[in-house]
Amino acid sequence: MTPTPKDTSTPPASPSSTNVNVSTEPTGGSIWTATRVIALIFTVLEVLLLVRFTLKLLGANAEQALVSAIYGITEPLVAPFRGIFAQPAGTPVVEIATLLSIIFFVLVAALIVAIARAVTGKRTGSTA
């Protein structure tokens with residue numbers, strides 16, 4: 001008698017045999033979300049400050065509604081940095097206070113994200 005060849009084809013997958021990897025360990029999704037929200041908020045502030053700096057640099061008309069709105073929104077962010085360095089007399093072309101506030105907010109955002117990661121114990125780039 002000749003042996004019958006074995007069927008080596010894979011059976012069709014049924015809906016109940018779908019392979020899904022589910023981890024029971026926390027994935028750190030909440031810290032990822034928190035750091036992304038923090039980064040988003042500070043990025044919006046920094047972009048507004050960069051727009052203000054550019055408008056001042058190019059001598060935009062402060063009477064125009066959009067320019068006035070951007071100056072109004074960003075003024076509270078720039079005000080604490082006024083007077084740190086003397087502004088040259090005449091029309092301010094480079095507003096030093098705005099540059100200082102941009103640097104400050106970049107550093108604060110980095111610090112907050114680093115603290116959030118340190119508190120949760122998440123290490124990026126480490127392998128076990």
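Analyst: Start with ring pairs. Rings of Phe, Tyr and Trp (its six-membered ring) pair if their centres lie within 6.5 Å; planes under 30 degrees apart count as stacked, over 60 as edge-to-face and the rest as tilted. Such pairs link Phe42, Phe81, Phe104 and Phe105 into a cluster. By this rule there are three aromatic pairs. This is a predicted model: local features need pLDDT of at least 70, side-chain atom pairs count only at pLDDT 80 or more, and totals for chains, interfaces and linings use all residues. Residues are numbered from 1 along each chain as its sequence is written, and side-chain values use heavy atoms, with hydrogens and water left out.

User: What makes Phe42 and Phe105 a tilted pair?

Analyst: Their centres are 6.2 Å apart, and the limit is 6.5 Å.

User: Why is the pair of Phe104 and Phe105 called edge-to-face?

Analyst: The ring centres are 5.3 Å apart and the planes stand at 75°. The angle is over 60 degrees, so the pair is edge-to-face.

User: What makes Glu75 and Arg52 a salt bridge?

Analyst: A salt bridge is a side-chain nitrogen of Lys or Arg within 4 Å of a carboxyl oxygen of Asp or Glu. Here the N to O distance is 3.0 Å, so the pair qualifies. Glu75 lies in helix α2 (residues 65-78) and Arg52 in helix α1, so parts 23 residues apart in sequence are tied together.

User: Which residues are linked in a network of salt bridges?

Analyst: Arg52, Glu75, Arg82 and Glu95. Arg52 also meets Glu95 at 3.1 Å. That pair links helix α1 to the loop between α2 and α3, 43 residues apart. Arg82 meets Glu75 at 2.9 Å. The count for the model is four salt bridges.

User: Why does Arg52 count as buried?

Analyst: Its relative accessibility is 1%, so Arg52 falls under the 20% cut-off. Glu95, at 6%, is buried as well. Glu75 has 30%, so Glu75 is partly exposed. Arg82 has 39% and is partly exposed too.

User: What makes Lys56 lie over the face of Tyr71?

Analyst: A charge sits over a ring if NZ of Lys or CZ of Arg is within 6 Å of the ring centre and within 35 degrees of the ring normal. Lys56 is 4.6 Å from the ring centre, so the distance passes.

User: How many helices and strands does the protein chain have?

Analyst: The protein chain has three helices and zero strands. From the N terminus on, the elements run α-α-α.

Key:
Helix = DSSP H or I, 4+ residues; strand = E, 2+ residues; numbered from the N terminus. Buried < 20%, exposed > 50% of the residue type's maximum accessible area, 1.4 Å probe, protein only.
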